[in-house]
Amino acid sequence: MTMSDPIADMLTRIRNANTAKHDTVDIPSSKMKLAIADILVKEGYVKKYDIIEEGSFRTIRIALKYNADKSERIISGLKRISKPGLRVYAGKEDLPKVLGGLGTAIISTNQGVITDKQARELGVGGEVLAFIW
């Protein structure tokens, strides 16, 4: 069966593993998912990610981040914004701020998949993929 929204599947897998306090989560790989995982590492929401090759099939293994005694999660929320049934775009003037700038919006632009802060610096808009806080 084909998946209609692989990015929402990725975010749901991360959200579920985070809620269950797992150390890692495995996600089928794609260029877009790798770009999102890269942003999650750069912004400090996850420790790291590795690409696991199993024949012709590639998987992203994301190591989740918690505080010292695993009592508190670093990612408190993930939300998919633009969906296949309703695409959400933002121009450079009206890029969203997540929790007044405390969270991060992931934007797909012609410069690649970047955060809302980087999009403001570059002066570009695009499709608002997800919010993370």
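Among contacts in the protein chain between residues at least 6 apart in sequence, 61% join residues at least 24 apart, where contact means heavy atoms within 4.5 Å. Before going further, note that this is a predicted model, where local features need pLDDT of at least 70, side-chain atom pairs count only at pLDDT 80 or more, and totals for chains, interfaces and linings use all residues. Residues are numbered from 1 along each chain as its sequence is written, and side-chain values use heavy atoms, with hydrogens and water left out.

Now for the overall layout. The protein chain has three helices and eight strands, and reading along the sequence gives α-β-α-β-β-β-β-β-β-α-β. With a radius of gyration of 15 Å, close to the 14 Å that the globule rule gives for 133 residues, the protein chain is as compact as a globular protein of that length. Helices (H or I, at least four residues) and strands (E, at least two) are DSSP runs, numbered from the N terminus. The radius of gyration is taken over C-alpha atoms, and the globule rule is 2.2 Å times the number of residues to the power 0.38. Taken along the principal axes, the C-alpha atoms fill a box of roughly 40 × 35 × 25 Å.

How much is tucked away? Buried residues make up 41% of the 133 residues in the protein chain; buried means under 20% relative accessible area, exposed over 50%, and partly exposed in between (1.4 Å probe, protein chains only). The protein chain exposes about 7600 Å², and carbon and sulfur atoms supply 52% of that area. As for charge, there are 21 positive and 16 negative side chains, and the centres of the two sets lie 2 Å apart. Lys and Arg count as positive and Asp and Glu as negative, while His and the chain ends are not counted.

Helix H1 covers residues 6-19, so to speak 14 residues, and reaches 20 Å from its first C-alpha to its last, close to the 20 Å expected at 1.5 Å a residue. That expected span is 1.5 Å times one less than the number of residues in the helix. The buried residues of H1 are Ile7, Ala8, Asp9, Met10, Leu11, Ile14, Ala17 and Asn18. An α-helix has 3.6 residues a turn, so residues three or four places apart point the same way. The cover over the buried residues of H1 includes strand S1 (24-28), helix H2 (31-42), strand S3 (57-64), strand S4 (78-80) and S8.

Between S1 and H2 there is a loop, and Ser29 is in it. Ser29 counts as partly exposed, at 24% relative accessibility. Not counting residues up to four places away in sequence, Ser29 touches Leu34, Arg58, Thr59 and Ile60. H2 itself has twelve residues and reaches 17 Å from its first C-alpha to its last, close to the 16 Å expected at 1.5 Å a residue.

A few backbone angles deserve a look. Most residues other than glycine have a negative phi, and most peptide bonds are trans. Just after H1, Lys21 takes a positive phi of about 60°. Lys70 also has a positive phi of about 60° although it is not a glycine; Lys70 sits in the loop between S3 and S4 and is partly exposed, with a relative accessible area of 30%. Leu99 has a positive phi near 50°, lies in the loop between strand S5 (89-90) and strand S6 (104-109), and is exposed, with a relative accessible area of 53%. The C-alpha atoms of Leu99 and Ser29, 70 residues apart along the chain, are separated by 29 Å.

Trp133 lies in the segment after strand S8 (126-132) and counts as partly exposed at 30% relative accessibility. Trp133 and Ile75 are 58 residues apart in sequence, yet 6.0 Å apart in space, C-alpha to C-alpha. Leaving aside neighbours within four places in sequence, Trp133 is in contact with residues including Tyr45, Ile75, Leu78, Val98, Leu99 and Gly103. Leu78, found in strand S4, is buried, with a relative accessible area of 9%. Beyond residues up to four places away in sequence, Leu78 touches Leu11, Ile14, Arg15, Phe131, Ile132 and Trp133.

How values were computed
Areas by Shrake-Rupley, 256 points an atom, 1.4 Å probe, with all protein chains shown as cover. Charge placed at Lys NZ, Arg CZ, Asp CG, Glu CD.
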